[in-house]
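My notes follow, in the order I looked things up.

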Amino acid sequence: MPEPSNAPASPIRSRDAEPSIHERRLVLLLRGVGSITLLAFAAAVMPEKWMVEAAEALGFETFPYSPLTFYLARKLSLLYGFVGVALLFVTIDLDRYRPLFRYLAWGTMAIGVLQLVVDAQSSLPSWWTLGESTSTFLGGLLIVWMNRMALTAGPAFDADQKINA
């Protein structure tokens, strides 16, 4: 007869189990951010005039009319759009892609710190630098926390379940 294992149970729930409230919230967060990030695809194809007008409306210096500037702006928009697709994709099967969340979250926090450095070196306004880097870092931290909550919490209480007394 095999010895009972002292190894902790796998944090991955069975496919038949209902997702916990924490898992549902994590999925909603990732889908929300992913859906909003998909809007970057529109920026990748927007007219150059709109890019210039948007920069002026935000109070930046005149957007340089240069093929390289527009190329970089469009490529960054495509990258953000791809991140949105990836976020939506991983929510299709939360359990399967859960190991990726830790890297996603820590990478997001690292990007937040790097954004602070790059934005400061680029002489962007402080409201932009602090807003972008702080929100990115806190978004990664939120994913870490929500993923941890989803792993440690039991299944969500279903109001339709009858309580056995």
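Surface first. I found a nonpolar patch of about 700 Å² made by Phe41, Leu76, Leu78, Leu79, Tyr80, Phe82, Val83 and Val85. A patch here takes residues with over 30% relative accessible area and no salt bridge, joining nonpolar side chains (Val, Leu, Ile, Met, Phe, Trp, Tyr) within 5 Å and like charges within 9 Å. Accessible areas come from the Shrake-Rupley method with a 1.4 Å probe, and for residues only the protein chains shown count as cover. A salt bridge is a side-chain nitrogen of Lys or Arg within 4 Å of a carboxyl oxygen of Asp or Glu. Helix α4 gives the most to the patch, with 7 residues.

A note on the source: this is a predicted model, where local features need pLDDT of at least 70 and side-chain atom pairs count only at pLDDT 80 or more, while totals for chains, interfaces and linings use all residues. Residues are numbered from 1 along each chain as its sequence is written, and side-chain values use heavy atoms, with hydrogens and water left out.

I then checked Tyr80, which sits in helix α4. Tyr80 is partly exposed because its relative accessible area is 36% (buried is under 20%, exposed over 50%, partly exposed in between, with a 1.4 Å probe and protein chains only). For the chain, I noted that 25% of the 165 residues are buried.

Next, the fold: I counted 6 helices and 0 strands (DSSP runs numbered from the N terminus, H or I of at least four residues for helices, E of at least two for strands).

Which residues lie nearest the centre of the largest pocket? They are Leu76, Tyr80, Gln115, Trp128 and Glu132, out of 48 lining residues. A pocket is an open set of points on a 1 Å grid over the protein atoms alone, where a 1.4 Å probe fits, with protein on both sides within 12 Å along at least five of seven lines; lining residues have an atom within 4 Å of a point. Its volume is about 2000 Å³, meaning the space filled by probe spheres set on the points. Helix α4 gives the most to this lining too, with 11 residues. By class I got 33 nonpolar, 12 polar and 3 charged (Ala, Val, Leu, Ile, Met, Phe, Trp, Tyr, Cys and Pro are nonpolar, Asp, Glu, Lys and Arg charged, the others, Gly among them, polar).

Last, the second largest pocket holds about 190 Å³. Its lining includes Arg98, Trp106 and Arg148, and α5 and α6 each supply at least two residues.
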